[in-house]
Amino acid sequence: MKRLALTGLQPRLPSPVHEVVDSRFGRGGVRLVLKRDDLIHPELVGNKWRKLVPNLVAASGRTVVTFGGAYSNHLRATAAAGRLLGLSTVGVVRGQELGERRLNPSLERCVADGMRLHFIDRATYRRKAEPETLAAVLRAAGAEGAYVVPEGGSNALAVRGCRALGEELRGQADVVAVACGTGGTLAGLAAGLGPGQRALGVPVLKGGFLGDEVRGLQAEAFGGPRGDWWLDERFHFGGYARTTGELEAFADDFEERHGVAVERLYVAKLLYGLVVLMEEGAFAPGATVAAVVTGAPFEAQPASR
Ligand SMILES: *Cc1c(COP(=O)(O)O)cnc(C)c1O
């Protein structure tokens, strides 16, 4: 039954690869292509499709519980997936105290997609991986026995799901660059690339912890390190969902040049980083660089229902 529902999703896979003619790359003899994961599915966008679908299959009809902040793309994607597949979903949301009644547009969308929200304080949220805390949270949320997807959606199944992203890009680029939150997408991507291809991760969170996370996720998913990847940690712009006038102007300009909507939490920082790296001479003349468009702007998505 669930298998039937899944085929109803009709993803566009492999996602298309579009070349963009950008003088900042062209004058250095470098080709820039966009791997359009934002076109995989209109409502279950980008890397969220690759990460969530294997987990939803594993849930086999159980309620799906997951975790996120008030602006989490992952929470929205899980809610949309639940509606599309007829699974009930519970979102455990960090740090919104009880009594704070107004939902932001991102959480409103979650609720419209049928997700039940459960708010917990930041201290509890930090301890959610501890078995006792998790059990207490699930009990309080009325979700005992549910299938739990971790914050950001990165577990072994998700990482293995992202390996296909790398496999689709074999022979198509020398460097494949992706913006990172939890690093799950990079961990899978790097494992799927062919010999001689390298993956670059651009973290959007501050902190310098991502290298260990990616190694840990690869160990969990594949039993050890895979692929050739590195991180450039200079382009977080102050942290998750932080931005600057310069980044906004850059993203507006990129949209105008190339007619592609630029998701601002992740993709804008990736593209900005690639232009800086290009100016620094990080890519050899004759190279092809693929930027993974992991998502679409929230506002640009059609109102679902
Ligand atoms: C969630 C998300 C990411 C981050 O993926 P991770 O696997 O957590 O690193 C990147 N880009 C977009 C648009 C996302 O929504």
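This is a short tour of the structure above, stop by stop, with something to select at each one.

**Before you start.** You are looking at a predicted model, in which local features need pLDDT of at least 70 and side-chain atom pairs count only at pLDDT 80 or more, while totals for chains, interfaces and linings use all residues. Residues are numbered from 1 along each chain as its sequence is written, and side-chain values use heavy atoms, with hydrogens and water left out.

Stop 1: Select Ser-72, where UniProt, in an unreviewed entry, places the feature "active site". UniProt positions are given in the numbering used here, with feature names shortened, and annotations may be inferred rather than shown by experiment. Ser-72 sits in the loop between strand 3 (64–68) and helix 4 (73–85); helices (H or I, at least four residues) and strands (E, at least two) are DSSP runs, numbered from the N terminus. Buried or exposed? Ser-72 counts as buried because its relative accessibility is 11%; buried means under 20% relative accessible area, exposed over 50%, and partly exposed in between (1.4 Å probe, protein chains only). Now show its neighbours: leaving aside residues up to four places away in sequence, Ser-72 touches Ser-106 and Tyr-240, where contact means heavy atoms within 4.5 Å. The side chain of Ser-72 also reaches the backbone nitrogen of His-74 at 3.1 Å.

**Stop 2: Arg-36.** Move to the loop between strand 2 (31–35) and helix 3 (47–59), where you will find Arg-36. With 12% relative accessibility, Arg-36 counts as buried. Beyond residues up to four places away in sequence, Arg-36 touches Ser-15, Pro-16, His-18, Val-260 and Val-293.

**Stop 3: Pro-14.** Next, select Leu-13 and Pro-14, which are joined by a cis peptide bond with omega about -10 degrees. Pro-14 belongs to the loop between helix 1 (2–7) and strand 1 (17–20).

**Stop 4: the cores.** Select Leu-271, Leu-274 and Phe-283, the residues with the most contacts inside the largest nonpolar core, which has 35 residues. A nonpolar core is a set of buried Ala, Val, Leu, Ile, Met, Phe, Trp, Tyr and Cys residues joined through side-chain atoms within 4.5 Å. Which elements give two or more residues to this core? They are strand 2, strand 7 (175–180), strand 8 (198–203), helix 11 (245–258), helix 12 (267–279) and strand 10 (288–292). Helix 12 gives the most to this core, with 10 residues. Zoom in on Phe-283: not counting residues up to four places away in sequence, Phe-283 touches Val-30, Val-175, Leu-274, Leu-277, Met-278 and Val-289. Apart from this core lies another, of 25 residues, including Val-159, Leu-169, Val-178 and Ala-191.

**Stop 5: a helix crossing.** Show helix 8 (residues 156–168) and helix 10 (residues 210–222), whose axes come within 8 Å and cross at roughly 90 degrees. Axes are lines fitted to C-alpha atoms, for helices over the stretch in contact, and angles run from 0 to 180 degrees between N-to-C directions. On the helix 8 side, Ala-156, Val-159, Arg-160 and Arg-163 make the contact, and on the helix 10 side Leu-217, Glu-220, Ala-221 and Phe-222 do.

**Stop 6: positive phi.** Finish in the loop between strand 9 (229–231) and helix 11, the place of Phe-237. Phe-237 has a phi near 55 degrees, a positive value in a residue other than glycine, and is buried, with a relative accessible area of 17%. Ala-241, placed in the loop between strand 9 and helix 11, has a positive phi of about 65 degrees although it is not a glycine. At 41% relative accessibility, Ala-241 counts as partly exposed.

Key: Polar contact = N/O pair within 3.5 Å; in protein donor to acceptor, adjacent residues only side chain to side chain.
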